[in-house]
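Me: I am new to this structure and would like to go through its charged contacts. Could you show it to me?

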Amino acid sequence: MNRSLATSVPRPARSRAAASTQLQQDSAWRPALVLGVSSLLLLGLAYAVATTSVSGLLFPSQAKGSLLLREGQVRGSQLIAQPFVGDGYFQARPSAANYDPMAAAGSNMARSNPALQERVQASITAVAAREGVPAAQVPGDLVTQSGAGMDPELSPAAAQVQIARVARSRGLPVDQVAALVKAHTRGPQWGVFGQPRVNVMTLNLALDTQDGPPGSARVYGTR
């Protein structure tokens, strides 16, 4: 009479085999759990604390968001554009996000989109009238939006075309405002990457430290 393998193995031996298999399974889970918890603590906590601490020590201003202060109050960040009220300020690039960092985005319109072409043409007309220059002399970055809509920098040409208006509104010599623009013009990164640019945020903040006649405009923009 034939018997199955299960019945041919003594019961104590089967119990020992089952216990050994269970022990092996438990042993396989233990290193996986230890590795997971260790990785979480090391990479998710220790690494973040270490890099944040080091960056705060080496680059304190950048680590806090490159904030711009005046009279102890935060006026903005040199990394994020914001609108400015009045002719006494340089204007940044247009923003599809209305300068809201929580909604940073571009318009996602193709260059062939009629709505985009119409908007750019209307912007060219408006900027030309505001700056008192022919439409052909309006720099492209004054009528186009950046990818995130938060670009705080302009080309030197876009800043220079605004000098006359700003100087006239503030009652300052054109040469004085032009010198300020030149002082805030930065070259390519490390002399290689990118193009010369002017940070509108730092430029406008510096403008408010310039002496002008009584009653000259000093209205700082807000988001």
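**Salt bridges**

Reply: In this predicted model, a search of the whole structure finds 5 salt bridges.

Me: Which residue does D151 pair with?

Reply: D151 forms a salt bridge with R93, and their closest N and O atoms are 3.5 Å apart. The two residues are 58 apart and link distant parts of the chain: D151 is in the loop between helix 4 (114-131) and strand 3 (153-154), while R93 is in the loop between strand 2 (73-77) and helix 4.

Me: Moving on, what does E131 meet in a salt bridge?

Reply: The side chain of E131 meets that of R165, at 3.0 Å from N to O. This pair also joins distant parts of the chain, with E131 in helix 4 and R165 in helix 6 (residues 163-170), 34 residues apart. Both E131 and R165 are buried.

Me: Which residues are linked with R165 in a network?

Reply: R130 and E131 are linked with R165 in a network of salt bridges.

Me: What about R170, which residue is its partner?

Reply: R170 forms a salt bridge with D208, with the closest N and O atoms 2.9 Å apart. R170 is in helix 6 and D208 in the segment after helix 8 (200-207), so the pair links distant parts of the chain, 38 residues apart. R170 is buried, with a relative accessible area of 0%, and D208 is buried at 7%.

Conventions
Residues are numbered from 1 along each chain as its sequence is written. This is a predicted model: local features need pLDDT of at least 70, side-chain atom pairs count only at pLDDT 80 or more; totals for chains, interfaces and linings use all residues. Side-chain values use heavy atoms; hydrogens and water are left out. A salt bridge is a side-chain nitrogen of Lys or Arg within 4 Å of a carboxyl oxygen of Asp or Glu. Helices (H or I, at least four residues) and strands (E, at least two) are DSSP runs, numbered from the N terminus. Buried means under 20% relative accessible area, exposed over 50%, partly exposed in between (1.4 Å probe, protein chains only).
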